[in-house]
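User: I am new to reading protein models and would like to learn how to describe what I see. Could you take me through some features, one at a time?

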Amino acid sequence: MDTQHVEGDLDLDQTLFTEDQIRARLAELARDIERDYEGRDLLLVGVLKGAVMVMADLARSLDRHVEMDWMAVSSYGSGTSSSGVVRILKDLDTDISGRDVLIVEDIIDTGLTLSWLVANLKSRGPASVEIATLLRKPDALRMEVDVTYVGFDIPNAFVVGYGLDYAERYRNMRSIGTLAPHVYS
Ligand code: 5GP
Ligand code: MG
Ligand code: MG
């Protein structure tokens with residue numbers, strides 16, 4: 001059976017990472033996280049909506065108990081370039097003062113959203129705030145926020161699938177691929 005049947009496949013240029021590659025890499029990150037947080041409580045904070053798949057698979061790869069909470073912040077809207085305007089659409093349910101917080105992200109592009117988010121969470125007095133992201137683009141290397149766990153560094157192209165959308169579509173694809181330019185240009 002074709003596990004990858006999604007309406008509009010012709011909109012995709014190229015598969016960057018298959019479901020198996022993503023799962024394998026997240027398992028490696030999970031081992032690092034287990035080691036680094038041994039003996040400490042851990043709160044995973046997923047950034048909606050893009051990080052839903054990463055959160056689900058990373059959390060289930062962890063051989064330990066964690067708590068999970070979610071934030072929604074505005075970033076791109078439905079376009080393909082960062083506005084730099086960040087707004088909280090849904091805040092945490094958890095009081096994070098004194099907590100070890102690991103932000104779980106799908107992708108870091110300019111890093112604008114994330115550096116804002118880190119500053120915001122740090123102002124609430126947590127014990128620590130670290131970042132795990134499945135994907136990182138070249139521009140993110142210039143940002144001042146350290147990213148502790150990175151799945152894959154990717155070229156500067158617009159990607160979709162595995163939680164990542166274009167105009168709210170393609171999030172449910174199991175793999176990650178580049179979107180054909182004709183779709184958005
Ligand atoms: P940043 O603030 O780092 O530039 O962008 C953060 C957010 O923009 C990501 O969490 C994601 O929602 C969106 N984004 C950045 N690059 C891409 C991309 O290549 N594809 C998709 N679908 N979203 C992206
Ligand atoms: Mg995101
Ligand atoms: Mg989006």
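User: Which strands are included in what covers the buried residues of H3?

Analyst: Please keep in mind that this model is predicted. What covers the buried residues of helix H3 includes strand E3 (67-74), strand E5 (100-108) and strand E6 (128-136). The buried residues themselves, within a helix that runs over residues 112-122, are Thr113, Leu114, Leu117 and Val118. Because these four span an arc of only 125° around the axis, they lie on the same side of H3.

User: How is the packing of helix H1 and helix H2 described, and at what angle do they pack?

Analyst: The general idea is that two packed helices are described by the angle between their axes and by the distance between the axes. In this case, H1 (residues 19-36) and H2 (residues 52-61) pack at about 55°, and their axes are 9 Å apart. The crossing in which H1 passes H2 is right-handed.

User: Which residues make the contact of H1 and H2?

Analyst: From H1 the contact draws on Arg23, Leu26, Ala27, Leu29 and Ala30, while H2 contributes Asp57, Leu58 and Ser61. Sorted by class, the contact of H1 with H2 has five nonpolar residues, one polar residue and two charged residues.

User: Is Ile22 buried or exposed?

Analyst: To read burial, we count the other C-beta atoms within 10 Å of a residue's own, and 20 or more make the residue buried. Ile22, which is found in helix H1, is buried because it has 23 other C-beta atoms within 10 Å. Leaving aside neighbours within four places in sequence, Ile22 is in contact with Phe17, Tyr162 and Ile176. Ile22 and Val54 are 32 residues apart in sequence, and their C-alpha atoms are 9.0 Å apart in space.

User: What is the phi of Tyr162?

Analyst: Phi of Tyr162 is near 55°, which is a positive value in a residue other than glycine. Tyr162 lies in the loop between strand E8 (159-160) and strand E9 (176-179), and it is buried, with 26 other C-beta atoms within 10 Å. Ala167, whose place is also in the loop between E8 and E9, has a positive phi as well, near 50°. Ala167, however, counts as exposed, with 12 C-beta neighbours inside 10 Å.

User: Where is the cis peptide bond that involves Lys49?

Analyst: The cis bond runs from Leu48 to Lys49, with omega near -5°, and Lys49 has its place in the loop between strand E2 (43-48) and H2.

Note on methods:
Residues are numbered from 1 along each chain as its sequence is written. Chains are lettered from A and ligands numbered from 1 in the order in which they are written. This is a predicted model: local features need pLDDT of at least 70, side-chain atom pairs count only at pLDDT 80 or more; totals for chains, interfaces and linings use all residues. Helices (H or I, at least four residues) and strands (E, at least two) are DSSP runs, numbered from the N terminus. The arc is that of the directions from the helix axis to the C-beta atoms. Two residues are in contact if their C-beta atoms, placed from the backbone, lie within 7 Å. Axes are lines fitted to C-alpha atoms, for helices over the stretch in contact, and angles run from 0 to 180 degrees between N-to-C directions. A crossing is left-handed if the near helix is turned anticlockwise from the far one by less than a right angle, and right-handed if clockwise. Ala, Val, Leu, Ile, Met, Phe, Trp, Tyr, Cys and Pro count as nonpolar, Asp, Glu, Lys and Arg as charged, and the others, Gly among them, as polar.
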